[in-house]
Amino acid sequence: MKWWRRWYFLWGGDSVGAAILFYTRLPWPRSWPVNFDRIARWITLMGLLLSLILLALAQGLQWFGMDNLLRSAIVVSLWLALTGGLHLDGVADTADGLAVTNPSKRLAVMQDSQTGAYGVMAIAVVLLLKIIALASLNSKGLASWALVMALGWGRWGQLLAIALYPYLKVDGKGAMHKRNLKSGPDLLLGTAIMVGGGTALGIILGIAPWLMGLGTGGAALIVWGVGRWFAQQLGGHTGDTYGAVVEWSEVLILLSLSLV
């Protein structure tokens, strides 16, 4: 084995590459081996990576003097493109399921490939709130840091949900996450990446220490609450609710920061 391949496997490059392929639409060399078994441990890293791309786009559009609202709409559109709607699909299915008054039928409805009216409305609300919240944050000079917080901590919420709550289906992509996650070490790694990376980017962006502390604590509390709420409604989680946790956590983090 060549030295670079040995180094690649040593630092977990095969699972990082798999995480990029699974959670994003970013390219990855086909000749590089990937391992999907424990990709959830890198989910906060994916959030920070995506936030940097969106941050660069937002800064570029601002440099050209684009209007706040239009700039926010373009950023959210790229946000959707970079994830391929992976989590928004979960928002729709979860909304359709929770709209059913009979709890015993919710999982069956969520498994239906057809998106219902409640699912469409939920997607529309999520996208609209993100655009408006980012426009508000743009006017306060906090949009760049808010992107880091939302994308990073939103995905930490998914990692927390995988670790804390039972999985309600015997198969599916979410089952792979639950089965392969080493709750203690992987949750610790994801937390360290988010706290360390978020703090470093906050310093680079010139965010006041008190605001970084408040934002970090508030975001962690929000995503914990979102994951817990979905678990209470269904008795656990599925792959769809993992996606819903990410999206609704992102929305609530953006909205909370817009109040600062």
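Numbering starts from 1 along each chain as its sequence is written. Since the model is predicted, local features need pLDDT of at least 70, side-chain atom pairs count only at pLDDT 80 or more, and totals for chains, interfaces and linings use all residues, while side-chain values use heavy atoms, with hydrogens and water left out.

Start with Arg38. The loop holding Arg38 runs between helix 2 (13–23) and helix 3 (43–63); helices are DSSP runs of H or I, at least four residues, numbered from the N terminus. Arg38 has 22% relative accessibility and so counts as partly exposed; the class lies between buried, under 20%, and exposed, over 50%, with a 1.4 Å probe and protein chains only. Beyond four places in sequence, Arg38 is in contact with Asn180, Lys182 and Asp186, contact being heavy atoms within 4.5 Å.

Next, Gly236. Gly236 sits in the loop between helix 11 (209–234) and helix 12 (239–257). Why does Gly236 count as buried? Because its relative accessibility is 0%.

Now the aromatics. The structure holds 5 aromatic pairs, defined for rings of Phe, Tyr and Trp (its six-membered ring) with centres within 6.5 Å; planes under 30 degrees apart are stacked, over 60 edge-to-face, and the rest tilted. One of them is Trp63 with Phe64, at 5.0 Å between centres and 80° between planes, so edge-to-face; both residues are exposed. Trp153 and Trp156 are also an edge-to-face pair, at 5.1 Å and 80°, and both are buried.

How values were computed:
Helices (H or I, at least four residues) and strands (E, at least two) are DSSP runs, numbered from the N terminus.
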